[in-house]
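The sequence and the structure come first.

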Amino acid sequence: MKDAMEQNEKLPVRDQEKFYSVYRGRQSALYHFAYMRSAKVKAARLLLERNDRALKDLSVLDHGFGTGTFLRACHTSCRIAGLEVDPVNVEAVRRMLSGCGHDVSNIGVLDVSQWDSHPVLGVDRKYDVILLSHVLEHLDDPVGLLRRMSMNLAKGGVICGLLPINERRPDENHKWVCDRALVASWAEESGMSVKDQSELDHYVYYAQPLFHAKGHMGRVMAQGISLVLGLKQALFPPSIWFGMGRCLRIIGARPGQIVFLLETKRDK
Ligand SMILES: C[S@@+](CC[C@H](N)C(=O)[O-])C[C@H]1O[C@@H](n2cnc3c(N)ncnc32)[C@H](O)[C@@H]1O
């Protein structure tokens, strides 16, 4: 706990410009299998399903949906909403989700300077699940976002958050070094409580440096490994896949993500 807090005091302010173009042109089915995407969806599903929230018949908001892989995994009985910053990417995700049979009228562009006044966060919009996947670690004020999102939870609704942990190399886009204690303090400060959480995904521990690789060859290798792992994970349900990953502790691997559910204190 002390480690992450001490490191957070030293982190410089980061800019988030890369999210304005990084997700373009990545909508083929193979891209959605890539482990860097599929592992996040699998981790979220693990926690949601063990808390009786399988992705069916739910109202779901994915704030900062990236390439839309999580929304793609929602059954078409879900009422989906989502925001992302790059209009070109948003248009491609709308086409992809529409092709999967979803109503995309609430998939829109996120203006970070006034994100809290978007219609998907209107007073009449309530969600059973709000996903914040690898978003909070980029923000100056994660507590402000959590507090605001909690106002749009339906009765019994949950915020499902995912964060990177045990990063072997600091990520220049992250404003926070994350751990369990940080999640607890953000929950408390935003007036919510942690309903469930899990530290999981040991597979990425040794692959992490590769995923940050620069240069053509590095990227090709990272994509190859991400695809192989992604195709493998598809063969197993979440609890078995992440359970098998825990065996890698014997060679020193640590979990790469924390996934957690937050509920409002009124629902406790
Ligand atoms: C690493 S991406 C995560 C994308 C996707 N959720 C995933 O897990 O792959 C971080 C996302 O955070 C969102 N984001 C960045 N800065 C933000 C801000 N100031 N306010 C709200 N969202 C922001 C952007 O939409 C960006 O795509």
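## Burial and the predicted model

A residue is buried if 20 or more other C-beta atoms lie within 10 Å of its own, exposed if 12 or fewer, and partly exposed in between. The model is predicted. The cut-off can be applied to N166, which counts as partly exposed because it has 19 C-beta neighbours inside 10 Å. N166 lies in the loop between β5 and α7 (180-189). The phi angle of N166 is positive, about 50°, although the residue is not a glycine.

H134 gives another case. Its place is the loop between β4 and α6, and its phi is near 55°, a positive value in a residue other than glycine. H134 has 19 C-beta neighbours inside 10 Å and therefore counts as partly exposed.

## The ligand shell

The ligand is surrounded by 16 residues. G64, G66, S133, H134 and V135 are the closest of them. By class, the shell around the ligand holds eight nonpolar, six polar and two charged residues.

Strand β1 covers residues 59-63 and pairs with β4 in the parallel sense, over three bridges. Within this pairing, L61 stands opposite I130 in β4, and V60 has V129 of β4 as its bridge partner. β1 is also joined to strand β2 (residues 79-84) by five bridges, and these two strands run parallel. Here H63 has L83 of β2 as its bridge partner.

Strand β4 (residues 127-133) is mostly covered, with seven of its seven residues buried.

β4 pairs with strand β5 (residues 153-164) in the parallel sense, over six bridges. L131 stands opposite C160 in β5. Between these two strands the chain passes through helix α6 (residues 142-150), and this β-α-β crossover is right-handed.

β5 pairs with β7 as well, in the antiparallel sense and over six bridges; G161 stands opposite F260 in β7. Strand β6 (residues 192-200) also pairs with β7 in the antiparallel sense, over eight bridges. In that pairing D196 stands opposite L261 in β7. Strand β7 itself (residues 257-264) is mostly covered, with seven of its eight residues buried.

## The nonpolar core

Which residues have the most contacts inside the largest nonpolar core? They are A44, V129, I130, L131, I159, C160 and V259, in a core of 60 residues. Helix α3 (residues 35-50) supplies the largest share of this core, nine residues.

Leaving aside residues up to four places away in sequence, C160 touches A44, L47, L48, V129, L131 and L261. Under the same exclusion, L131 touches A44, V60, D62, H63, F70 and C160.

Why does L131 count as buried? The reason is that 26 other C-beta atoms lie within 10 Å, and 20 or more are needed. L131 belongs to strand β4. Its C-alpha atom is separated by 6.3 Å from that of H63, a residue 68 places away along the chain.

Is R72 buried or exposed? R72 is buried, because 20 other C-beta atoms lie within 10 Å. R72 is part of helix α4 (residues 69-73). Not counting residues up to four places away in sequence, R72 touches H32, M96, L97 and C100. R72 and G101 are 29 residues apart in sequence, and the distance from C-alpha to C-alpha is 9.6 Å.

Definitions and conventions
Residues are numbered from 1 along each chain as its sequence is written. This is a predicted model: local features need pLDDT of at least 70, side-chain atom pairs count only at pLDDT 80 or more; totals for chains, interfaces and linings use all residues. A residue is near a molecule or strand if its C-beta atom, placed from the backbone, lies within 6 Å of it. Ala, Val, Leu, Ile, Met, Phe, Trp, Tyr, Cys and Pro count as nonpolar, Asp, Glu, Lys and Arg as charged, and the others, Gly among them, as polar. Helices (H or I, at least four residues) and strands (E, at least two) are DSSP runs, numbered from the N terminus. Two strands pair if DSSP finds at least two bridges between them. A crossover is right-handed if, with the strands pointing away from the viewer, the path from the first strand over the helix to the second runs clockwise. A nonpolar core is a set of buried Ala, Val, Leu, Ile, Met, Phe, Trp, Tyr and Cys residues joined through C-beta atoms within 7 Å. Two residues are in contact if their C-beta atoms, placed from the backbone, lie within 7 Å.
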